[in-house]
Amino acid sequence: MLCWERREMDFEELKRYSALHPKPAGLTLQYGTAGFRSKAQQLEHVMFRMGLLAALRSRAMGATIGVMVTASHNPEEDNGVKLIDPLGEMLHPSWEEYATQLANAEDQELQEIVTEICQKAAVNQRKDASVFIGRDTRPSSKELSQAVIDGISVLGGQYHDYGLVTTPQLHYMVCCQNTQGQYGKPTLEGYYQKLSKAFTELIKKSLSSGEAQRQLKIDCANGIGALKLAEMETYFPKEVQVQVYNDGTKEKLNYLCGADFVKVHQKPPKGLDMKPNESCCSFDGDADRIVYYYKDTAGHFHLIDGDKIATLISIFLKELLAKMGQTLKMAVVQTAYANGSSTRYLEETVKVPVHCVKTGVKHLHHKAQEFDVGIYFEANGHGTVLFSKAAENTIRQLAKEEKDVAKREAAKVLENMIDLINQTVGDAISDMLVIEAILALKGLTLQQWDALYNDFPSRLLKVQVADRQVIDTTDAERRAVTPPGLQEKIDALVKKYKLSRAFVRPSGTEDIVRVYAEADTQENADALAHEVSLAVYHLAGGKGAPPQPI
């Protein structure tokens, strides 16, 4: 029976609890790729309502749903929330609309909207509801988690509060729970054991080839990653030494540190002392992104971003598949922001097909599911590898039964890789271990990895506009359809420079337009980006002063 036919839902109770988490007047929020994000003090009503939504989604799916309280790489005073679907994937787009509706409903409309969602989504209120909750280390996260719990409880749902966890750990646990343990145990210990066992097996193989001890400096953005790495360290093989910086004991979350800071500013984080050619990496605040970097002997900073991570993994997996004699369908998925040099190298040198999709992890994840082995990374360092069920079964069978020793060994390495990769979502801890294992097995230094190809110089700018919706795009956001004349202007500007490309896309959350340009030199990339910014300003209703040259 559906929920509106059941014994009356206790709307008095809903009203009473809702009054404890009132909606601020005039606030409108949109559920985007990253869920909801805003200043923490504006979010209490949203959290309560996402607790309601998670209980409804759980009943609709007959499965456990996750709710993660985090604002990832945003400043400490912000917070946010995202829902996790049964297999650890992002919330289904049709329910994103329900989330936006619920978050923006006035207090007196809440009962009506909950009833409406139940009707539209055929929610059976007699079913049990089960929700897993996790949170990051922000001062506001505990209180906001309690608001989520209130929302679940008022609808009679059950919950398990994991407390402080990384975002990827919660995704992992939701998947474990709903696959009846096939993916692993839905506990932190289960996560640490699965990853460390696979990593130790892989590192053993490199040690037999005389690989020295691996040392890595990790900037944890003063976030949850530091706490979880400390818990996991006892599981690491002694041949791997990690030094944690920005562990949250002294400074603010994400302040002048973390993956986003390093990527945007192209410089090391505050609080991490780098010596020439030392291996370093940075997580973001909720540990779902990672970038690597080092300083050369001349003191120059080198960033190794998501594009180069995808390239390293692609080369390694392609070699393993060849050793196994398997012709599984493998592809890399990128967005328009991926450096053109990486796309060219993957297609022409590694000989792996590359597909471009719209910005946003859900688009990358969805496309990667079309292949036996789908590798996706955004340039910002968020990404993972997906293996189809059929591919995974083939690999595990060969690891057990293949008579040819070389083929069987290759299959075993690949089997450990499958166990080491968190396939539910980008995971900084898992990705770091994957990278360290590949570098060890291939005997590569960070410098050799970095030298696979040179990035084309690029520039990313923002232009303020009165209404971002005047810009509409096509071809995975690489071409502008409206306003009239803008794409023609961009095409003409691109022709002026060598090895150049440029595109514009509206922000998903604010009235700004992002402008991306690449060219043969930094000077030309900067000039092209500026000229395209001016075109946007004049043709798409720019606000304030015109963009100034860089």
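**Strand pairing and the annotated sites**

Visitor: How do strand β6 and β8 pair, and over how many bridges?
Guide: In this predicted model, β6 (residues 214-219) runs parallel to β8, and the pairing covers 3 bridges.

Visitor: Which residue in β8 is the bridge partner of Ile218?
Guide: Cys281 in β8 is the bridge partner of Ile218.

Visitor: What strand order does the sheet have?
Guide: The order is β7-β6-β8-β9-β10. It is an open sheet of 5 strands, and the pairing is mixed.

Visitor: Which strands stand at the edges?
Guide: β7 (240-245) and β10 (301-304) do. Each has a single partner strand, so one side of each lacks a neighbour in the sheet.

Visitor: What does the twist average from one strand to the next?
Guide: The twist averages 30° from strand to strand.

Visitor: Switching to annotations. Where does UniProt place the "binding site" feature?
Guide: The unreviewed UniProt entry puts "binding site" at Ser72, Asp284, Asp286 and Asp288.

Visitor: They span 217 residues in sequence, so how far apart are their C-alpha atoms?
Guide: No two of those C-alpha atoms are more than 8.0 Å apart, so the residues gather at one spot.

Visitor: Which of this set is in the lining of the largest cavity?
Guide: Asp288 from this set is part of that lining.

Visitor: And where does UniProt place the "active site" feature?
Guide: At Ser72, again according to the unreviewed entry.

Visitor: Where is Ser72 placed? Buried or exposed?
Guide: Ser72 is in the loop between β2 (64-69) and β3 (78-84). Its relative accessibility is 2%, so Ser72 counts as buried, the cut-off being under 20%.

Visitor: What does Ser72 touch, leaving out residues up to four places away in sequence?
Guide: Ser72 touches Arg37, Asp136, Arg138, Asn254, Asp284, Gly285, Asp286 and Asp288.

Visitor: Now Asp288. Which loop is its place, and is Asp288 buried or exposed?
Guide: Asp288 is in the loop between β8 (280-283) and β9 (290-295). At 4% relative accessibility, Asp288 is buried.

Visitor: What does Asp288 touch, not counting residues up to four places away in sequence?
Guide: Asp288 touches Ser72, Lys82, Thr167, Pro168, Gly381, His382, Gly426, Asp427 and Ala428.

Visitor: Zooming out, how is the protein chain divided?
Guide: Into domain 1 (4-164), domain 2 (202-302), domain 3 (306-450) and domain 4 (458-539).

Visitor: How far apart are the C-alpha centres of domain 2 and domain 4?
Guide: Those two centres are 34 Å apart.

Visitor: One more residue. Where is Ser507 found, and is Ser507 buried or exposed?
Guide: Ser507 is in the loop between β18 (501-506) and β19 (512-518). With 4% relative accessibility, Ser507 is buried.

Visitor: What is Ser507 in contact with, aside from its neighbours within four places in sequence?
Guide: Ser507 is in contact with Arg468, Ile512 and Arg514.

Conventions: Residues are numbered from 1 along each chain as its sequence is written. This is a predicted model: local features need pLDDT of at least 70, side-chain atom pairs count only at pLDDT 80 or more; totals for chains, interfaces and linings use all residues. Side-chain values use heavy atoms; hydrogens and water are left out. UniProt positions are given in the numbering used here, feature names are shortened, and annotations may be inferred rather than shown by experiment. On a 1 Å grid over the protein atoms alone, a cavity is a set of points where a 1.4 Å probe fits but cannot get out, and a pocket is an open set with protein on both sides within 12 Å along at least five of seven lines; lining residues have an atom within 4 Å of a point. Helices (H or I, at least four residues) and strands (E, at least two) are DSSP runs, numbered from the N terminus. Buried means under 20% relative accessible area, exposed over 50%, partly exposed in between (1.4 Å probe, protein chains only). Contact means heavy atoms within 4.5 Å. Domain bounds come from an automatic or database domain assignment. Two strands pair if DSSP finds at least two bridges between them. Axes are lines fitted to C-alpha atoms, for helices over the stretch in contact, and angles run from 0 to 180 degrees between N-to-C directions.
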